[in-house]
Amino acid sequence: MIAGASAADATPRRLRAELDPKRLVPTVTFGVVLGVLEIVLAISLAALIFGGRLSAHLEAGIGLALLSAVVTVVVVAFRSSLPSAVGSVQGSTAAVLALIATGIAAQVPAAEDESFLTVVITIGLTTVATGAFLFALGLLRLGNLIRFMPYPVVGGFLAGTGWLLAKGSVGVLSGVSVSLSTLGDVFAADALRKWLPGTAFAVTLLLLVRRWRHFLLIPGALVAAVALFYTIATLAGSGVSELKADGWLLGPFPGTGFWEPWTAEGLERADWSAILDQTPNMATVVLVGAVALLLNTSGIELAVERELDLNRELRASGGANIVAGLGGGIVGFPALSLTTLAHRAGAVRFVGIVAGLVCVAAFAFGGSFLSLFPRVVVGGLLLFLGLAFLLEWLYDAWSRLPRADYAVVAVIVVVIAIFGFLPGVAVGLVVAVALFVIDYSRTDMVKHAFSAGSYRSTVERDPL
């Protein structure tokens, strides 16, 4: 009874401590910063997924991404084994979701919104499947199994994801889908003047992050970039209407709202044959989600210098994705960078709640404001994420990986860049099996070997 009573009293004491004004003010401030970062990331990933033929539905896509952000941030804040854990929508899985959306948009006629509804149902099903897989791994306490994925294969997946994010970011910035057949359009004067500023912002931010590690660096850079954009536009004599008409801003939005019960309507009007055709890509998202969650968790453990309960993290992220997927949301789980920043700032679970409330405010009231967000910043943030993956696994890895392992990373990236993500995953799995066989074939099964000269039997036997 005493132990139970003390446990019951711990929660109110902890809550009173977190609501103490001396801790509450920095907690709320940092929560607002994280919430703003999450909003910008959600907008960027929505622009990546709902681009090209689906660009008319970008407002709805932002709503779906914000829905996922709210659910992920709040659930992870409550259920993670680390009090300072910060959930976030993920670029690694969004890159594959963008391939799914592009494939469906090319296959399903855009008339009467069937294309958009099919994309919503497919993304929702993929997110639910990812959540169910993660939750099942955690429920069965099989979380450590995904730690057996060879390190260079994981690196190849993430570097390939970086390539997809970088390529997609150029499409977000310029409005031109990047491929061999469209290279001329990408390097045309009109496209260049739109994606070069975003590239400059991404490279600058990457250099700053690699030089300094302060939790206000990224939000400060985003604010400065937006301010610089509007300053240059004002000096050039361009108003908001001209900027929108020329494609420099996310808006104008049609005003249909950030979220409606699209999943209910989509169950009736979606093209299910197109959804079935995307099954391999959907399975890829599940695999990449599990691998990325493992890598994030391992990185968080190193950053906070403590071991996390991986099975609990899997259950928390799995539950969040199931809930978000039912609303058509995208995949999310704890973010390495945001969680590390929150931990260094001494954040508690209440920080995640504040960040979630900021996302809710944007979800409910931010339509007119978000339509004014510059594409230079949105696309630049995507390019920053992609370049960060590529730099880590193709540049930094050169000095820390054996040459054979580095070659595996490079081969997977090349396959993904030339043939697509699915062939890259297939090559990665084959390489993983081959590495497993090779590594274990080198294991010496004989622990000790003795001769009669060093160790003799104590029993005398007849030679015959």
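Student: Taking exposed as over 50% relative accessible area, buried as under 20% and partly exposed as in between (1.4 Å probe, protein chains only), is R141 buried or exposed?
Tutor: R141 counts as exposed, because its relative accessibility is 60%. This is a predicted model, where local features need pLDDT of at least 70, side-chain atom pairs count only at pLDDT 80 or more, and totals for chains, interfaces and linings use all residues. Residues are numbered from 1 along each chain as its sequence is written, and side-chain values use heavy atoms, with hydrogens and water left out.

Student: Where does R141 lie?
Tutor: R141 is in the loop that joins α5 (114–139) to α6 (151–174); helices are DSSP runs of H or I, at least four residues, numbered from the N terminus.

Student: OK, on to α6. What does G171 touch?
Tutor: G171, which sits in helix α6, is in contact (heavy atoms within 4.5 Å) with V176 and V178, if you skip residues up to four places away in sequence.

Student: And how far is the C-alpha of G171 from that of L48?
Tutor: They're 8.0 Å apart, although 123 residues separate G171 and L48 along the chain.

Student: Which residues does T297 contact?
Tutor: L308 and L310, once neighbours of T297 within four places in sequence are set aside.

Notes: Helices (H or I, at least four residues) and strands (E, at least two) are DSSP runs, numbered from the N terminus.
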